[in-house]
Amino acid sequence: MPLPFEQPIDDLQAKIDDMRQFAEDQNIDISQEVTVLEERLVKLKQETFQNITRWQRVQVARAAGRPTALDYIQSMMPNFSELHGDRTLGDDPAIIAGIGRFAGRTVVMIAQQKGRDTKENIHRNFGMAHPSGYRKAMRMFDLADKFSLPVITLIDTSGAYPGIKAEEQGQAWVIAESIRRMGALKVPVLSVVIGEGGSGGALAIGVANRVLILENAIYSVISPESCAAILWRDSAEAEKAAEALKLTAKDLLEFGVVDGVIDEPAGGAHRDPKAMIRKLELVLEQELNTLSTLGSEELLQQRQTRFRNIGYFEDAIQDMQQEEISETDDTAEVEKLAEVVNKKADKAKQKATESKAAG
Amino acid sequence: MALERWFRRKRATKSDDDSGPAGLWLKCDGCGKQIYRKDLIANYHLCPECGHHYRMPALDRVNFLADAGTFVQWSGEIQSQDPLSFVDTESYPSRLKRSQEKQKRPDAIITGAASLGGEPVALAVMDFQFAGGSMGSVVGEEITRAAEQAAAEDRSFITVTASGGARMQEGALSLMQMAKTILALENLAKHRLPFISVLTDPTTGGVTASFSTLGDIIVAEPDALIGFAGQRVIKQTIKQDLPEGFQKAEFLLEKGMLDDVIPRDRLKSRLIQFVRLLRNKEPIHAPAL
């Protein structure tokens with residue numbers, strides 16, 4: 001199912017396919033015409049995706065057919081060994097973890113996996129991890145440090161799961177702990193937001209030396225729907241919220257939240273998953289080669305400095321910096337007010353008596 | 001202070017601050033008795049009748065914890081920009097300005113140095129009355145700076161949180177403050193300085209999922225709401241009612257998420273003991289309050 005704004009792309013694609021079929025059936029050569037149309041198709045895709053709104057970008061980030069973490073892993077690491085379980089609570093299928101060879105070295109891979117169909121979506125809890133998933137990730141961090149293996153994480157979640165069990169098992173606690181332990185890793189760490197980077201649940205595996213994002217992926221403090229429900233009191237205003245939240249790859253690069261944007265094939269990753277996977281593979285190899293030249297102390301320092309420097313603020317206006325510890329005596333104020341009230345009451349009483357007397 | 005704020009009709013809420021009921025008298029949310037506001041304030045925002053915990057304004061909290069005359073403020077020199085040019089039903093700068101005028105500080109936090117029973121500490125107290133105590137770039141930076149300063153001055157670190165979570169109006173920049181504050185406290189940990197986290201009502205979202213749950217010791221005030229996701233969101237997701245006492249301090253203590261739940265009248269003396277014990281000193285006989 002194409003997204004509404006993609007309809008012209010699909011229409012043109014259908015036309016080209018029809019022509020090809022027709023030419024084949026009639027045994028005529030129209031390759032020149034097809035080439036012209038194909039060029040137009042590429043241009044149309046580019047133009048469409050250059051101009052889509054942030055809300056449309058959110059829809060692309062969530063689009064069916066977009067390569068999921070497992071699609072990348074299976075292609076990038078053919079001998080990937082998935083490792084299960086957190087050794088405490090169970091195994092969370094929303095987070096895939098394991099080891100494998102990539103670009104000539106063993107790497108630890110941690111990834112959030114949304115389903116590619118309904119059945120997998122239910123199994124994976126739509127990529128929304130429980131505390132167990134983050135505990136598994138932390139186990140992988142230890143493994144990486146012990147054997148000096150670089151860590152790659154693929155982020156794709158609408159957020160950590162908001163449920164009763166999740167809260168009871170300390171969802172907030174494990175996210176904080178995962179951030180802490182990832183920040184303390186002594187090995188190269190790369191994170192890529194491949195689809196949806198949903199809040200703390202995404203950041204929990206996103207404390208990297210280099211944080212990258214795919215062109216049509218998003219990364220946000222809150223989903224546009226929830227933000228709209230809170231600020232506009234209507235989740236139907238998600239489009240406005242998406243606009244306000246500035247959650248696209250381009251926005252985030254500008255704010256220094258991400259370090260690089262990885263271009264997607266024309267028309268988005270979902271139109272050419274193979275090309276997207278190849279592209280990411282190349283970028284990750286390059287990035288890993290660069291990071292591998294750094295020592296463990298440098299890596300740690302670089303990662304800490306990277307996050308230390310994020311934020312926008314300015315000098316406060318002087319007159320606001322009043323002495324915080326003053327005798328802000330609420331008690332005195334209340335008494336003063338009580339006095340005012342009493343006086344008013346007295347006056348009213350007096351008036352009433354006077355008018356009675358007059359009457 | 002505007003008069004109408006004092007005489008505005010009372011609304012049912014947990015707070016005795018100006019976001020809540022006003023008037024000289026209020027009916028206690030805990031025991032239902034009429035209490036005189038003056039008595040409530042004098043009693044550290046605890047109901048004089050039943051001990052019900054009302055939210056304590058940030059400044060009162062600082063005065064309550066710090067030994068008299070020892071607090072030296074660090075925060076307040078920076079204020080938020082509006083990097084996203086964020087507008088919802090109102091622009092972010094306009095919302096911010098209202099909070100600043102109301103609370104007389106640039107953002108939702110007070111940090112500084114103090115003595116606590118003679119122990120050198122750094123305090124970071126969040127102000128829930130300022131934009132719901134939300135954490136954006138400024139709160140993140142203030143906590144980070146306070147942790148750095150605490151390390152430089154060999155002070156134990158005490159945070160008192162009250163927050164709805166990350167500040168939406170600064171988008172992913174707010175999200176990143178979670179990592180920033182955590183890494184700052186990780187550096188403090190290298191100095192082997194105690195970090196005690198006090199969770200007060202309410203502490204949720206991005207503040208729960210960051211520095212506040214990484215204390216060497218984590219305690220909460222009675223009945224405080226503490227959680228990752230909002231209750232409305234959870235209800236919508238699971239489509240069933242939430243168990244009794246869900247996300248309350250006592251519930252979390254039972255689940256193993258807190259070291260203790262400490263009533264406010266014993267909080268200061270317990271904090272002093274924690275800090276002293278962790279720094280390998282004899283506990284002192286500190287009077288309650």
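Modeller: Phe313(A) has Ser80(B), in E4(B), as its bridge partner. The two strands involved are E9 (residues 313-315) of chain A and E4 (residues 78-80) of chain B, which pair in the antiparallel sense over 3 bridges. Strands count as paired if DSSP finds at least two bridges between them; helices (H or I, at least four residues) and strands (E, at least two) are DSSP runs, numbered from the N terminus.

This is a predicted model, in which local features need pLDDT of at least 70 and side-chain atom pairs count only at pLDDT 80 or more, while totals for chains, interfaces and linings use all residues. Residues are numbered from 1 along each chain as its sequence is written, chains are lettered from A and ligands numbered from 1 in the order in which they are written, and side-chain values use heavy atoms, with hydrogens and water left out.

About 6600 Å² is buried between chain A and chain B, and carbon and sulfur atoms give 69% of that. Buried area is the accessible area (1.4 Å probe) that two parts lose on being put together, summed over both.

Between chain A and chain B there are 4 salt bridges, each a side-chain nitrogen of Lys or Arg within 4 Å of a carboxyl oxygen of Asp or Glu. In one salt bridge, Arg180(A) and Glu186(B) bring their closest N and O atoms to 3.1 Å. Side chains of opposite charge can pair when their charged atoms come close. The two chains also have 17 residue pairs in polar contact, both residues at pLDDT 80 or more. A polar contact is a pair of N or O atoms within 3.5 Å; within protein, one must be able to donate a hydrogen and the other to accept it, and residues adjacent in sequence count only if both atoms are side-chain atoms.

Chain A has a mean of 91, with 89% of its residues at 70 or more; chain B averages 91, with 91% of residues scoring at least 70. Values stay under 50 over residues 326-330 of chain A and over residues 1-16 of chain B. Where pLDDT is low, the predicted coordinates should not be read in detail.

Technical notes:
pLDDT = per-residue confidence, 0-100. Contact = heavy atoms within 4.5 Å.
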